[in-house]
Amino acid sequence: MQLQVSNSPFNHEQTELLNNLLPSLTETQKVWLSGYLTASLSVFNAGTADVSVAQPSGKTISKEVTILYGSQTGNAQGLAENAARKLEGNGFQVTISSMSDFKVNNLKKVQNLLITVSTHGEGDPPDNTLSFHEFLHGRRAPSLGDLRFSVLALGDSSYEFFCETGKQFDKRLEELGGTRLFPRMDCDLDYDEPAAEWLEGVISSLSEEQGSTVSAVPATITPESEHTYSRTNPFKAEVMENINLNGRGSNKETHHIELSLEGSGITFEPGDSLGIYPQNDSILVDMLLKEINWDPEEIVKVNKQGDLRKLRESLISNFEITVLTKSLLEQAAQLSGNEDLKALLSAGNEEKLKEYREGRDLLDFVRDFGSWGESAQEFVSILRKIPARLYSIANSLSAYPDEVHLTVGAVRYDSHGRERKGVCSILCAERLQPGDTLPVYIQHNQNFKQPKNPDTPIIMVGPGTGIAPFRSFIQEREEIEANGKTWLFFGDQHFVTDFLYQTEWQKWLKTGVLTRMDVAFSRDADEKVYVQHRMLEHSRELYEWLQEGAAVYICGDEKNMAHDVHNTLIEIIEKEGQMSHADAQDYLEEMQQNKRYQRDVY
């Protein structure tokens with residue numbers, strides 16, 4: 001393999017000399033040279049400091065690297081941990097930390113800083129970045145003239161503020177005087193390749209600064225063996241049960257799904273999620289094929305590795321067709337030359353573009369603006385890979401070995417004159433039968449974990465399918481015989497038809513594993529009542545639990561429920577603690593810092 005500047009610490013001149021020399025060496029010469037370099041490097045290292053290298057200019061370049069991550073579901077944390085392993089393999093000394101655990105006063109001491117961070121919701125920082133984000137953008141932020149940094153930003157290009165949190169960190173570090181080691185990399189949902197490219201660039205840049213004291217190794221994401229199941233190598237889990245939890249006459253359809261993990265070696269903890277790679281509805285695919293008029297049997301490449309599939313099969317299994325990203329529309333405009341589409345994408349039409357994308361899919365787009373490209377291959381070349389869907393795990397592995405349970409609400413709605421269906425939820429509701437298999441992986445989430453001390457009281461708020469992780473919490477507490485008090489707030493539309501897992505909660509209340517439960521069924525009375533109203537009704541007791549050290553967990557819809565519950569908690573703390581509004585906010589922020597307030601919201 002030829003050395004290049006991009007995959008080695010050598011400059012262009014050195015690379016050319018080595019590429020000319022190395023092929024001419026005999027095996028004996030190569031062995032001798034390898035031994036000589038190893039011996040000379042050992043002598044050099046014995047006489048130098050462990051964490052720094054003196055440069056010809058006299059300036060000392062630190063070999064210490066600090067990695068900070070901000071993660072809501074665990075992706076950014078996983079990439080940070082991978083980066084730490086690779087850097088340590090290159091001779092660097094690495095400190096890795098969640099932003100919430102990092103002591104901000106130490107920032108001015110850091111010379112090499114890497115940030116991996118996701119963007120949550122509509123451009124919001126993840127929960128465990130809030131204090132660091134506020135500090136960095138506040139008046140107390142220090143001058144960082146000696147800092148070298150690089151940012152890996154994760155996001156979803158279907159949202160308007162794609163990778164916004166990463167962009168904010170990148171901009172602010174530069175404003176404070178920092179210098180980029182490597183340009184910020186913005187990653188969409190399929191982030192493995194760009195993340196590997198970013199890490200390789202970072203290592204190359206750091207290695208160049210260290211001169212010959214560091215030998216760079218490839219920074220690609222470590223491939224799993226065929227027996228190690230993960231996001232890039234999912235396990236095909238067999239469906240054992242698929243049951244509709246809602247009663248007859250309900251407005252909802254919520255499925256309890258049990259999958260077998262037997263033989264996979266997969267493990268998880270309460271609070272983790274299961275990723276599912278779904279398939280698109282074949283009826284929607286056939287409607288799309290009718291519009292684009294390409295041969296369904298035509299063979300197309302479905303990834304950069306060159307894997308081949310028939311067009312129809314690829315649209316079912318490989319490509320996203322239910323979401324319109326801005327990037328997709330821009331690329332389609334270039335390939336099609338459609339003037340109306342170009343006008344929609346032009347400056348000044350941002351709100352119009354946002355409105356168009358909302359609630360429409362690829363079929364709508366093709367009907368409105370036509371197809372693009374001169375071949376089926378060109379058509380699929382700009383489509384995104386189908387992203388996995390994450391679901392909170394609804395069981396304890398201790399209680400159900402080799403099984404994983406999910407609580408999935410079927411998504412159906414009308415938009416722009418057509419019925420729309422959730423890709424994964426309707427797969428589960430309408431097409432998934434016992435004996436079928438689903439490609440799955442575990443998404444570990446350290447930001448939604450029960451207290452390490454089982455005697456710590458916990459308060460759980462989970463309306464609708466947000467109940468799922470709390471079923472796993474209570475099962476686990478039953479298995480380990482935890483003594484801490486437990487309080488669950490649950491809500492849905494109707495008591496008779498929508499009380500999910502009712503008999504299980506009643507059993508746990510009877511045995512004492514669940515200390516108390518308050519429910520809110522919004523459609524059973526003239527005035528709608530939600531979980532936050534039940535919390536307010538019991539504000540004094542709830543505050544007493546907080547004062548006793550209780551941890552609070554929220555799972556479910558972020559835009560409405562989680563926002564309302566958050567404000568309700570502040571209201572309760574302000575009222576019962578006789579505090580100012582600002583002090584109540586600080587109280588809740590301190591709980592979050594101490595991992596006593598955790599959210600799994602979507």
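**Group meeting talk: helices and sheets in one model**

Okay, let's start with a pair of helices: H7 and H12 cross in a left-handed way. Just so we're clear, this is a predicted model.

Which residues make the contact between H7 and H12? From H7 we have Leu284, Met287, Leu288, Glu291 and Ile292. From H12 it's Leu362, Leu363, Val366 and Arg367. Sort the contact by class and you get seven nonpolar residues, two charged ones and no polar ones.

Right, on to the sheets. Strands in a sheet pair through backbone hydrogen bonds, and the pairing can be parallel or antiparallel. This model lets us look at both.

Parallel one to begin with. It's an open sheet of five strands, in the order S21-S20-S19-S22-S23. Which strands stand at the edges? Those are S21, residues 516-521, and S23, residues 597-601; each has a single partner strand, so one side of each has no neighbour in the sheet. On average, neighbouring strands here are turned by 10° against each other, ignoring direction.

Zoom in on S20, residues 486-492: six bridges join S20 to S21, and the two run parallel.

Now the antiparallel sheet. This open sheet has six strands, ordered S14-S11-S18-S9-S10-S15. The edges are S14, at 389-392, and S15, at 403-409, and each has a single partner, so one side of each is left without a neighbour in the sheet. S11, residues 273-276, is joined to S14 by four bridges, running antiparallel. In that pair, Leu274 has Tyr391 of S14 as its bridge partner.

Last thing: confidence. The protein chain averages a pLDDT of 89, and 87% of the residues score at least 70. But over residues 38-59 the pLDDT is below 50, and that stretch has 23 contacts in the model beyond near neighbours in sequence. Residues 212-226 are also below 50, with 31 such contacts.

How values were computed: Residues are numbered from 1 along each chain as its sequence is written. This is a predicted model: local features need pLDDT of at least 70, side-chain atom pairs count only at pLDDT 80 or more; totals for chains, interfaces and linings use all residues. Side-chain values use heavy atoms; hydrogens and water are left out. A crossing is left-handed if the near helix is turned anticlockwise from the far one by less than a right angle, and right-handed if clockwise. Contact means heavy atoms within 4.5 Å. Ala, Val, Leu, Ile, Met, Phe, Trp, Tyr, Cys and Pro count as nonpolar, Asp, Glu, Lys and Arg as charged, and the others, Gly among them, as polar. Two strands pair if DSSP finds at least two bridges between them. Axes are lines fitted to C-alpha atoms, for helices over the stretch in contact, and angles run from 0 to 180 degrees between N-to-C directions. pLDDT is the predictor's confidence in each residue, from 0 to 100.
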